[in-house]
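Here is a briefing on one protein model. It covers overall shape first, then selected residues.

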Amino acid sequence: MELNATPRTSRQKLAEGLIPAVAYNKENNVSFAIDRKAFDRAFRQQSTTGLFDITVEGGETFPALVKAVHMDKRKRAPIHVDFYMVTYGEPIEVSVPVHVKGKSQGEIQGGLVDIVVHNLSVIAPGPRRIPQELVVDVTKLNIGDHVTAGQVRLPEGVKLAADADLVVISVLPPRMSADEAAAETQAAQVAGMVAAGELSEEAAEAVLEGDASLDEVKAEAAAESDSTESDTKED
């Protein structure tokens with residue numbers, strides 16, 4: 001993507017519609033101004049993985065990637081851009097978006113596909129060989145399956161920079177309904193009361209099978225306890 005720029009100094013007041021920008025690497029640092037709307041349009045298309053060929057008026061032309069975009073939070077518009085100057089033909093490490101395609105077997109069973117890592121670090125053989133996205137086919141995944149970084153198919157010449165065992169995508173089990181969550185909470189509570197001796201196993205079974213509520217068996221247990229204490233006093 002070509003981007004025209006005008007040279008600027010740090011104290012220079014910019015014309016309407018222009019925003020300050022800087023491009024740098026270990027050896028160079030160039031300050032310039034770019035058209036806000038033209039940059040915003042281009043950046044929405046190619047994000048941080050797309051290559052910009054920046055031509056500074058009366059100066060040089062160089063390739064660069066977007067390093068950071070500083071935004072006006074109220075207007076939601078860019079106010080300053082940092083570019084990283086790159087060299088054609090030299091390997092470069094970048095973070096590439098991960099997307100999925102297809103509907104997994106786990107989803108058909110009620111599960112949920114979770115993209116754990118939304119951007120994966122790779123090394124491209126050159127700036128023009130940076131993939132715009134990494135697409136993972138999830139159609140064969142069942143509930144409990146996952147895809148690691150080492151299993152993600154990369155374009156020819158592109159190498160993985162992240163840990164190969166890093167989990168990128170998981171297929172999660174179905175979420176519990178409110179009733180299921182309440183039942184699970186109650187089961188845990190009943191088990192704790194049995195372990196503490198506050199509830200008999202028979203009473204616990206009645207609660208879990210729905211023959212009695214927890215409040216009812218707790219009230220019955222309390223009544224039995226009071227009756228026992230009364231008999232003890234009379235003796």
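Where is the place of Glu-16? Glu-16 sits in the loop between strand S1 (2-7) and strand S2 (18-24). The model is predicted, so local features need pLDDT of at least 70, side-chain atom pairs count only at pLDDT 80 or more, and totals for chains, interfaces and linings use all residues. Residues are numbered from 1 along each chain as its sequence is written, and side-chain values use heavy atoms, with hydrogens and water left out.

**Overall shape and make-up**

- The protein has 5 helices and 13 strands. These are DSSP runs, numbered from the N terminus: helices are H or I with at least four residues, strands are E with at least two.
- The radius of gyration is 31 Å, whereas a compact globule of 235 residues would have a value near 18 Å. The radius is taken over C-alpha atoms, and the globule rule is 2.2 Å times the number of residues to the power 0.38.
- Along the principal axes, the C-alpha atoms fill a box of roughly 110 × 45 × 30 Å.
- Of the 235 residues, 32% count as buried. Buried means under 20% relative accessible area, exposed means over 50%, and partly exposed is in between (1.4 Å probe, protein chains only).
- Among contacts with a separation of 6 or more, 62% come from residues 24 or more positions apart. A contact means heavy atoms within 4.5 Å.

**Surface and charge**

- The accessible surface comes to about 15000 Å², and carbon and sulfur atoms hold 47% of this area. Areas come from the Shrake-Rupley method with a 1.4 Å probe; for residues, only the protein chains shown count as cover.
- There are 23 positive and 38 negative side chains, and the centres of the two sets lie 23 Å apart. Lys and Arg count as positive, Asp and Glu as negative; His and the chain ends are not counted. Each charge is placed at NZ of Lys, CZ of Arg, CG of Asp or CD of Glu.

- Asp-53 belongs to strand S4 (residues 52-56).
- Asp-53 counts as buried because its relative accessible area is 16%.
- The Asp-53 side chain makes a polar contact of 2.5 Å with the side chain of Tyr-88. A second polar contact, of 3.5 Å, joins the side chains of Asp-53 and Arg-128. A polar contact is a pair of N or O atoms within 3.5 Å; within protein, one must be able to donate a hydrogen and the other to accept it, and residues adjacent in sequence count only if both atoms are side-chain atoms.
- Leaving aside neighbours within four places in sequence, Asp-53 is in contact with Met-1, Glu-2, Leu-3, Phe-62, Pro-63, Tyr-88 and Arg-128.

**Two prolines in the S9–S10 loop**

- Pro-127 lies in the loop between S9 and S10. Its relative accessible area is 4%, so Pro-127 is buried.
- With neighbours within four places in sequence set aside, the contacts of Pro-127 include Leu-51, Val-86, Tyr-88 and Ile-92.
- Pro-127 and Leu-65 are 62 residues apart along the chain, and their C-alpha atoms are separated by 8.4 Å.
- Pro-131 is found in the loop between strand S9 (119-124) and strand S10 (134-137). Pro-131 is buried, with a relative accessible area of 8%.
- Not counting residues up to four places away in sequence, Pro-131 touches Thr-49, Val-96, Pro-155 and Val-158.

- Ser-47 is not a glycine, yet has a positive phi of about 50°. Ser-47 lies in the loop between helix H1 (36-46) and S4.
- Ser-47 counts as partly exposed because its relative accessibility is 32%.
- Arg-76 has a positive phi near 55° and is a residue other than glycine. Arg-76 lies in the loop between strand S5 (61-72) and strand S6 (77-85).
- Relative accessibility of Arg-76 is 70%, so Arg-76 counts as exposed.

**Loop distances**

- Glu-16 counts as exposed, at 84% relative accessibility.
- The C-alpha atoms of Glu-16 and Asp-35 are separated by 9.0 Å, and the two are 19 residues apart along the chain.
- Ser-47 and Glu-27 are 20 residues apart along the chain, and their C-alpha atoms are separated by 25 Å.
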